[in-house]
Amino acid sequence: MDQKMKLKWQGRWDQVTGQAKKTWGQLTDDDLKVAEGDFEALAGKIKERTGETAEAIQERFDSVFSDDKDENS
């Protein structure tokens, strides 16, 4: 993931974690604490819990936040 995307996720961490819990109900609060502020760590936890690929996880987040991409284009 490029630096610009990392900063985007870190700046909106509450939204990211809220969406992660909503999308992947298997995540625990402890999983989210471990990943605190680190999107790649969060993606790793999601992958560990669900077996989804990193690419699939990224695509799901991108689709959820696609309105943001349109505004920044």
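I take helices here as DSSP runs of at least four residues, numbered from the N terminus. By that count I place Gly 25 in the loop between H2 and H3. The model I am reading is predicted.

**Entry 1: overall make-up**

I looked up the secondary structure first. The protein has six helices and zero strands. Along the sequence I read the pattern α-α-α-α-α-α. The chain holds 73 residues, and 34% of them are buried. I noted the accessible surface at about 4,700 Å². Carbon and sulfur atoms hold 45% of that surface. Then I checked how far along the chain the contacts reach. Of the contacts between residues at least 6 apart in sequence, 52% join residues at least 24 apart.

**Entry 2: H2 against H4**

How do H2 and H4 pack, and at what angle? Helix H2 covers residues 13-23 and helix H4 covers residues 39-50. I find an angle of about 5° between them, with the axes 12 Å apart. Angles under 35 degrees count as roughly parallel, so H2 is roughly parallel to H4.

I listed the residues that meet. From H2 they are Trp 13, Val 16 and Ala 20. From H4 they are Phe 39, Leu 42 and Ile 46. I sorted the residues of this contact by type: six are nonpolar, none is polar and none is charged.

**Entry 3: the nonpolar core**

Next I went to the largest nonpolar core. It has 14 residues. Which of them touch the most other members? I wrote down Val 16, Ala 20, Trp 24, Leu 27, Leu 42, Ile 46 and Phe 61. H2, H4 and helix H5 (54-64) are the elements that give two or more residues to this core. H4 provides the largest share, four residues.

Val 16 sits in helix H2. Is Val 16 buried or exposed? Its relative accessibility is 0%, and buried means under 20%, so Val 16 counts as buried.

Val 16 and Leu 42 are 26 residues apart along the chain, and their C-alpha atoms are separated by 9.4 Å. I then listed what Leu 42 touches, leaving out residues up to four places away in sequence. The list is Trp 13, Val 16, Ala 20, Leu 27, Leu 32, Ala 35 and Phe 61.

**Entry 4: Asp 31**

I turned to a charged residue, Asp 31. Asp 31 lies in helix H3, residues 29-34. With a relative accessible area of 3%, Asp 31 is buried. Which residues is Asp 31 in contact with, beyond its neighbours within four places in sequence? I found Gln 26, Lys 45 and Arg 49.

I went back to Gly 25 in the loop between H2 and H3. Its relative accessibility is 59%, and exposed means over 50%, so Gly 25 counts as exposed. Gly 25 and Thr 50 are 25 residues apart in sequence. From C-alpha to C-alpha I read 9.7 Å between Gly 25 and Thr 50.

Last, I checked Ala 56, which lies in helix H5. Ala 56 is partly exposed, at a relative accessible area of 26%. Ala 56 and Ala 43 are 13 residues apart along the chain. I read 9.8 Å between the C-alpha atoms of Ala 56 and Ala 43.

Methods
Residues are numbered from 1 along each chain as its sequence is written. This is a predicted model: local features need pLDDT of at least 70, side-chain atom pairs count only at pLDDT 80 or more; totals for chains, interfaces and linings use all residues. Side-chain values use heavy atoms; hydrogens and water are left out. Axes are lines fitted to C-alpha atoms, for helices over the stretch in contact, and angles run from 0 to 180 degrees between N-to-C directions. Angles under 35 degrees count as roughly parallel, over 145 as roughly antiparallel, 65 to 115 as roughly perpendicular and the rest as oblique. Contact means heavy atoms within 4.5 Å. Buried means under 20% relative accessible area, exposed over 50%, partly exposed in between (1.4 Å probe, protein chains only). Accessible areas come from the Shrake-Rupley method with a 1.4 Å probe; for residues, only the protein chains shown count as cover. A nonpolar core is a set of buried Ala, Val, Leu, Ile, Met, Phe, Trp, Tyr and Cys residues joined through side-chain atoms within 4.5 Å.
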